[in-house]
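Thank you all for making time this morning. I would like to walk you through one structure, going from a pocket to the cores, then to the helices, and finally to a few individual residues.

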Amino acid sequence: MPTHLNHIGIAVADLPSIQKLFGLLGMSVDHIEPVPAQGVNTHFLPFAIEKPASHLELLEVTDPEGAVAKFIQKRGAGIHHLSFRVDRGELDPLCARLSAEGYRLIYDAPRAGAHQMRINFIHPASAGGMLIEIMEKM
Ligand code: CMX
């Protein structure tokens, strides 16, 4: 039984600023629907289809001093970050643009990550409370 990722719900305190950030990441709203029974308006931003498929990543702590261990200590278990891949060659220009627009990146330059990716992160303080990973294939 394949399970399809339908969406990830993000509570937003400042809709225009989050839409601006996702716009810089190449995503825009294609459907808006009020759901009065749940007390929200929903704004849907479609993902580009990832091949091979998008994944859930379960982060099992191995280093009690690591970022994920600290996250669990401070905030409890749960969703830790969102991760977006851009095409090869697009990561450095994206990082430069985000920095120029005032977003706080965690690393001065992308580092090596799993799956032979170059990775960087946008700090939650400048991304609506979410840690956002951006990556490209090496
Ligand atoms: N999502 C949302 N908020 C987060 C967060 C997360 N994942 N991690 C930390 N925060 C919050 C903290 O709770 C803190 O909030 P308050 O100011 O309200 O207390 C705030 O962000 C600021 O945190 P900080 O003091 O600047 O830094 P931390 O020591 O909490 O570290 C971060 C946060 C993002 C800088 C650090 O976790 C980091 O460098 N992450 C990048 C690397 C990483 O996360 N690796 C694991 C993933 C590995 C993988 O997938 O391969």
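Let me begin with what I mean by a pocket: on a 1 Å grid over the protein atoms alone, a pocket is an open set of points with protein on both sides within 12 Å along at least five of seven lines, and its lining residues are those with an atom within 4 Å of a point. What you are looking at is a predicted model, in which local features need a pLDDT of at least 70 and side-chain atom pairs count only at pLDDT 80 or more, while totals for chains, interfaces and linings use all residues. Residues are numbered from 1 along each chain as its sequence is written, and side-chain values use heavy atoms, with hydrogens and water left out.

Which residues line the second largest pocket? They are Thr-3, His-4, Leu-5 and Asn-6, together with Phe-47, Ala-48, Ile-49, Glu-50, Ala-53 and Ser-54. The volume of this pocket is about 210 Å³, where a volume is the space filled by probe spheres set on the grid points, which are joined across faces, edges and corners. Sorted by class, its lining has 5 nonpolar, 4 polar and 1 charged residues; here Ala, Val, Leu, Ile, Met, Phe, Trp, Tyr, Cys and Pro count as nonpolar, Asp, Glu, Lys and Arg as charged, and the others, Gly among them, as polar.

Let me turn to the interior. I will call a residue buried under 20% relative accessible area, exposed over 50%, and partly exposed in between, using a 1.4 Å probe and protein chains only. A nonpolar core is then a set of buried Ala, Val, Leu, Ile, Met, Phe, Trp, Tyr and Cys residues joined through side-chain atoms within 4.5 Å. The largest such core has 20 residues, of which Phe-22, Leu-98, Ile-122, Ile-132 and Ile-134 touch the most other members. At least two residues of this core come from each of α1 (15-24), β3 (82-85), α3 (91-100) and β6 (132-137); helices (H or I, at least four residues) and strands (E, at least two) are DSSP runs, numbered from the N terminus. There is also a second, separate core of 6 residues, which includes Met-117, Phe-121, Leu-131 and Met-135.

As for Ile-122, its contacts, meaning heavy atoms within 4.5 Å, include Leu-21, Leu-98, Tyr-103 and Met-130, not counting residues up to four places away in sequence.

Next, the helices. In α3, the buried residues are Leu-91, Leu-94, Cys-95 and Leu-98. Seen down the axis of α3, these buried residues fall within an arc of 100°, so they line one face of the helix, the arc being that of the directions from the helix axis to the C-beta atoms. As a reminder, an α-helix has 3.6 residues a turn, so residues three or four places apart point the same way. The buried residues of α3 pack against α1, β5 and β6, and α3 is followed by Gly-102, with a positive phi near 95°.

Helix α2, residues 67-75, buries Val-68, Ala-69 and Phe-71. Viewed down the axis of α2, its buried residues fall within an arc of 160°, so they too line one face of the helix. The face turned away from that buried side carries the exposed residues Ala-67, Gln-73 and Lys-74, and just after α2, Gly-76 takes a positive phi of about 85°.

Some backbone details may be worth checking on your screens. The peptide bond from Lys-51 to Pro-52 is cis, with omega near -5°, and Pro-52 is found in the loop between β2 (40-44) and α2. In the loop between β4 (111-113) and β5 (117-122) sits His-115, which has a positive phi of about 60° although it is not a glycine. Gln-116, found in the loop between β4 and β5, has a positive phi of about 55° and is not a glycine either. Is His-115 buried or exposed? His-115 is exposed, at a relative accessible area of 67%, and Gln-116 counts as exposed at 58%.

I will finish with Pro-110, in the loop between α3 and β4. Pro-110 counts as buried, at 19% relative accessibility, and its contacts include Leu-91 and Cys-95 as well as Arg-118 and Ile-119, not counting residues up to four places away in sequence.

How values were computed. On a 1 Å grid over the protein atoms alone, a cavity is a set of points where a 1.4 Å probe fits but cannot get out, and a pocket is an open set with protein on both sides within 12 Å along at least five of seven lines; lining residues have an atom within 4 Å of a point.
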